[in-house]
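Subject: Structure for you to look through

Dear colleague,

I am passing on the structure we talked about, and I would be glad if you kept it open while you read my notes. Please take your time with it.

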Amino acid sequence: MAAAASSASTAASTVSAVSAHVAAGRLFAALDAFPPCSSSSEIPSSLYASLLRLATSRRSLAAARRVASHIASSSLPSTSHSSIPTFLLNRAIEALAACGSLADARELFDAMPRRDGGSWNAIITASSRAGRPSETFSLFSDMYSVGILPKDVTLASVLACCAGCRDLRGAQQLHGHISKRDFQSNVVLGTALVDVYGKCFLLSDARRAFDGISQPNAISWNVIVRRYLLAGMGDMAVQMFFKMVWSGVKPLVYTVSHALLACRDNNALEEGRCIHTFVLRHGYAHHEHVRSSVVDMYAKCGDIDAAQRLFNLAPIKDVVMSTSIVSGLAACGRIADAKRVFDGMEKHNLVSWNAMLTGYVRSRDLTGALDLFQQMRQETKELDAVTLGSVLNACTGLLDIGKGEEVHAFAFKCGFFSNLFLMNALVRMYSKCGCLRSAERLLLFEMGSERDRYSWNSLISGYERHSMSEAALHALREMQSEAKPSQSTFSSALAACANIFLLNHGKQIHAYMIRNGYEIDDILRSALIDMYSKCRLFDYSVRVFEAGLSQDVILWNSMIFGCAYNGKGDDGLELFDEMRKHGIRPDSVTFLGVLVSCICEGHVGLGRSYFTLMTDEYSIVPRVEHYECMIELLGKHGYMVELEDFVEHMPFEPTTAMWLRIFDCCREYGNRKLGERAAQCINDSNPLTPVRFESIPDYGCSDGDNTESMLLSTEG
């Protein structure tokens, strides 16, 4: 009797000590205070449950195993495991799985002498969360075979497994079972159905499942908003967010972020501003994710000033927010501001590096992009196909084939060679730089079936740009057998037809586009005008131009040049006056066309006034081509004094080609002084055929009467 009382007192003392350790969060001290396994039956079930909860919260597998071992041996030697409460073994299965050992959880489950619905739910949920779909489905089938009907949480776990592996058929079968058991309005199962249908991109089914939930909670709303967002249906995501607010459900922080990201993706600035107001009024502004999403939304929607203002006010500027503002500033061309924020970041991630690289390329600071890439390689080894694609675009813009080949080799070494985005960037780089054989090899042999219309467009454009027009048209025929040409494709093909005056082929392309419903946009209209003009079918050019009024300066430029090609310079000058009346701002190409028209018609004075107008009124800096036109205009029509004055006041020394044209004009119109200077400059450039001036007698005059003429001859 006394021994029994002493034993009871010891047990009570042990339970008290273990309980105190558990209450204080001292997990291993509690385990060390446990009695030996032979007397562990004295520990109450509630204390075991508390220990399992504590082990799970610490994710301590060692502790979970020790507790499970005590539970498994908690019966007296004379009794069986059946004395162990089933619910306690269920909690042990959950704890072992949560601490990362599905194998231990399954071993304990298989050793259980008696299982209930909770046991099956515990192991099925554990298998589902561990990403073991086949095991989850097998256990679910076994559960049915022993006659236990799954509860809603079990069905939700299996549905989550279907969502994880995109098993639409399994989800639909479970949906049928749920309907038979009248679980459709159950919020847990309804939300799980929304998630699985959303992940399988069946958004109409996801919406029906959502509408079937009698009282959707905040998680349900979050799932439907997120699924619309990830499916690229940002407008519906925003609509559901507002519907959620109107129904009186308080959104989760992540739901607010999803709605803001949907506004960003849809460029929905006004809706984004409304959500920002909601954020300020309902206390979400202190959440880091929400602040970053607001800044990102404003930056991507074009209100970069608002984004920067919020960024400057933010107490904590994390890498996500900083990257958003860098990306926004770079996208709108404010590279200096973007670089300032970028340099101020404590840590750069891959997205921030790529945002800066893309910004440099878009703003045409291509050397800056290559310098930044060098800095990136010194600071981090992290890069991706977007990084290398941006660097290749910079090499393409600089026509730096050497650097481009280095990037090509580096990409191959890093294992990015199968990436379609990068391969297309390589084809574009080789094509634009004139290495057409390398571009062909990449597209035809290395890309194989992976090539798409962007790959073909780069090659066709490269052929056209480098005067291989027949090859461009042949590539178009090859492309049509495996990809649908785009408007860009036909623009390059029409330019190829114009280059070699293939009128019939150009007409066929025009007819093909009309038959197949292509939109003839301003770029295509410009290409058609150019093709018909160069092929001397001027009436067709006029018809295409007059098909619709456009504010596109490129279209007007094409028509002005078309007039000049066909000896209708005055018509081109009238078009120039008309485009100015329509408020269309001319560019440098426009003035080039105007000067060519003046050459064509002999309007020397008008040409000089247009050359002055270009800089005085439109602040356009004349290019070499404009100076060449002025030399041609003055020299061709015999304005030698004006030509000499023009050459004297040029901001740079005339090129050899210019001096050759000046020399010819001086020979024709008898300007000895300028002609000799031209000859000297030509000879200084070490030409294959040097030039000199000779005074020869004019045999049409009397013996004593000579006229000095300048002749082009070979010295020696």
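Predicted model: local features only at pLDDT ≥ 70, side-chain atom pairs only at ≥ 80, totals over all residues.

Two packed helices are described by the angle between their axes and the distance between the axes. For helix H11 (residues 187–199) and H12, the axes come within 8 Å of each other and cross at roughly 175°. Since angles over 145 degrees count as roughly antiparallel, H11 is therefore roughly antiparallel to H12. On the H11 side the contact is made by Gly-190, Leu-193, Val-194, Tyr-197 and Gly-198, and on the H12 side by Leu-203, Asp-205, Ala-206, Ala-209 and Phe-210. Sorted by class, these are seven nonpolar, two polar and one charged residues.

The second pair is helix H19 (residues 319–331) with helix H21 (residues 350–362), whose axes also come within 8 Å but cross at roughly 5°. Angles under 35 degrees count as roughly parallel, and so H19 and H21 are described as roughly parallel to each other. Here Thr-323, Val-326, Ser-327, Ala-330 and Ala-331 of H19 meet Val-351, Ser-352, Ala-355, Met-356, Gly-359 and Arg-362 of H21, and the contact has six nonpolar, four polar and one charged residues.

Now to the loops. Ile-213 sits in the loop between helix H12 (203–211) and helix H13 (218–230), and because its relative accessibility is 4%, Ile-213 counts as buried. If you compare Ile-213 with Leu-660, which is 447 residues away in sequence, you will find their C-alpha atoms 84 Å apart in space.

Asp-521, in the loop between helix H30 (503–515) and helix H31 (522–534), has a relative accessibility of 22% and so counts as partly exposed. A polar atom of the Asp-521 side chain lies 2.9 Å from the backbone nitrogen of Leu-524, while the C-alpha atoms of Asp-521 and Gln-487, which are 34 residues apart along the chain, are separated by 8.3 Å.

Key. Residues numbered from 1 in each chain as written. Heavy atoms only, no water. Helix = DSSP H or I, 4+ residues; strand = E, 2+ residues; numbered from the N terminus. Buried < 20%, exposed > 50% of the residue type's maximum accessible area, 1.4 Å probe, protein only. Polar contact = N/O pair within 3.5 Å; in protein donor to acceptor, adjacent residues only side chain to side chain. Axes fitted to C-alpha atoms, helices over the stretch in contact; angles between N-to-C directions. Parallel < 35°, antiparallel > 145°, perpendicular 65-115°, else oblique. Contact = heavy atoms within 4.5 Å. Nonpolar A, V, L, I, M, F, W, Y, C, P; charged D, E, K, R; others polar.
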